[in-house]
Amino acid sequence: MSLVDLPLLPLGKGRDLDAERGVECPGDLPAASDPDLVERARAAKAALGDRLFVLGHHYQRDEVIQFADVTGDSFKLARDAAGRPDAEFIVFCGVHFMAESADILTAPSQQVVLPDLAAGCSMADMARLRQVEDAWDAMGDAGIQDSVVPVTYMNSSADIKAFCGRNGGVVCTSSNADVALDWAFAQKPAGEAKILFLPDQHLGRNTAVLQMGIGLDECVVWDPHLPSGGLTADELAHARMILWKGHCSVHGRFTEDVVDELRAKHPGINILVHPECPHEVVLKADLVGSTEFIIKTIEAAEPGTVWAIGTELNLVKRLADNHPDKTIVFLNRNVCYCSTMNRIDLPHLVWALENLVAGQVVNQITVDPETEADALVALQRMLDLPGKSHRD
Ligand code: 13P
Ligand code: SF4
């Protein structure tokens, strides 16, 4: 079994040797709290100089993001990775699907490193290639396959992106999902196209209904665990959006009652959420957008304004710390970090960097050439999309 095929398994020494390969950072590394680690990270970065490029997703911990050469959402980081052909090593402080995309978008001579291989994504794991191929065949049996354009969210494995590349589809991110849907609908004769949207039903539904004016009744959910996705031939024939039954385990936790509670407590509060949140929550929000959009919105907000933000907690806490002139609260009563994003901590980063200094590449992420070629088709279609989203 390749690492790409591994589902997220409960971690614990000895339970699954394959899953746990690349998870530990052995050697003389002290605990995460050791102040020397910051100095060691600085020294390793200085020793590697321009040979190294460190990318950091906005959901990374503070202790890690301080060492990123660039920060961004998944769209910006994909572009940034492709924009540094001179860097020998790309250290990706993010999750596995992002590192895979970086490997696909960089030259074969560039090596992409994920400091902890357990930094996966539960949403990406909800769409496995075999399940998607079975769904595609079932759509063939139902006589609709010729009308279907597959669109996958960046938060998917390389083999799902490759499936989209092979079958006339495209990748999208939360920054450009509306533009990608426009493109996908235009690939078939007017009125004929249906989109198979993978793997996040919420991003698919929110984009289709709120930005494209598609009816909720034209969206159906394909459950990969049921025969024919749990859908009748009639439901499939009338659908314009076939949404894969996947979701983000972090954004899926935001609920309408907290929106109501905060509005009652802080009259005039602005509710700002990520489109991975459930549709009912997004409907109650004032603004919706990617992590990059959320950051720009807070930067542009007037001092004294009050905001509740529905996205990962590392980012919300950082925004609150960086904008003391605004009141920023979390849209959840409970702590809700992305546990896999949080796998990348300072000991793992130092371990990866010091190994590079010593001439060893640890935790390299490589996508096989065939998958890479097909996935690149779908990623390149995304990068070639016009820049303007309906929100701009
Ligand atoms: P963006 O970075 O595209 O906003 O996505 C959020 C996310 O869940 C990343 O894993
Ligand atoms: Fe995956 Fe959600 Fe974590 Fe992003 S925040 S990596 S979509 S589980």
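Helices are DSSP runs of at least four residues, numbered from the N terminus. In this predicted model, Ser-74 lies in helix H4, which comprises residues 74-82. Ser-74 counts as buried because its relative accessibility is 8%, and buried means under 20%. Apart from neighbours within four places in sequence, Ser-74 is in contact with His-57, Met-98, Met-154, Asn-155 and Thr-173.

The UniProt record, an unreviewed entry, places the feature "binding site" at His-57, Ser-74, Tyr-153, Met-154, Asn-155, Ser-174, His-274, Pro-275, Glu-276 and Thr-291. Of these residues, Ser-74 and Met-154 are included in the lining of the second largest cavity.

Tyr-153, also listed in that UniProt feature, is found in strand S5 (residues 148-153). With a relative accessible area of 1%, Tyr-153 is buried. Leaving aside neighbours within four places in sequence, the residues in contact with Tyr-153 are Met-123, Val-171, Cys-172, Thr-173, Ser-174, Leu-198, Pro-199, Asp-200, Leu-203, His-274 and Glu-276.

Aromatic side chains were examined next. A search of the whole structure finds two aromatic pairs. The ring centres of Trp-136 and Phe-163 lie 5.3 Å apart and the ring planes stand at 90 degrees, so this pair is edge-to-face; the cut-off for that class is an angle over 60 degrees. The pair links distant parts of the chain, since Trp-136 belongs to helix H6 (residues 129-141) and Phe-163 to helix H7 (residues 158-166), 27 residues apart. Both Trp-136 and Phe-163 are buried.

Phe-254 and Phe-330 also form an edge-to-face pair, with 5.7 Å from centre to centre and 80 degrees between the planes. Here too, distant parts of the chain are linked: Phe-254 is in the loop between strand S9 (241-244) and helix H11 (256-265), whereas Phe-330 is in strand S13 (residues 327-330), and the two residues are 76 residues apart. Phe-254 is buried, at a relative accessible area of 1%. Phe-330 likewise counts as buried, because its relative accessibility is 15% and the limit for buried residues is under 20%.

Charged side chains are also placed over aromatic rings. Arg-84 lies over the face of Phe-53, at 4.7 Å from the ring centre. The charged end of Arg-240 is positioned over the ring of Phe-185, at 5.0 Å from the centre of that ring.

Terms used
Residues are numbered from 1 along each chain as its sequence is written. Chains are lettered from A and ligands numbered from 1 in the order in which they are written. This is a predicted model: local features need pLDDT of at least 70, side-chain atom pairs count only at pLDDT 80 or more; totals for chains, interfaces and linings use all residues. Side-chain values use heavy atoms; hydrogens and water are left out. Rings of Phe, Tyr and Trp (its six-membered ring) pair if their centres lie within 6.5 Å; planes under 30 degrees apart count as stacked, over 60 as edge-to-face and the rest as tilted. Buried means under 20% relative accessible area, exposed over 50%, partly exposed in between (1.4 Å probe, protein chains only). A charge sits over a ring if NZ of Lys or CZ of Arg is within 6 Å of the ring centre and within 35 degrees of the ring normal. UniProt positions are given in the numbering used here, feature names are shortened, and annotations may be inferred rather than shown by experiment. On a 1 Å grid over the protein atoms alone, a cavity is a set of points where a 1.4 Å probe fits but cannot get out, and a pocket is an open set with protein on both sides within 12 Å along at least five of seven lines; lining residues have an atom within 4 Å of a point. Contact means heavy atoms within 4.5 Å.
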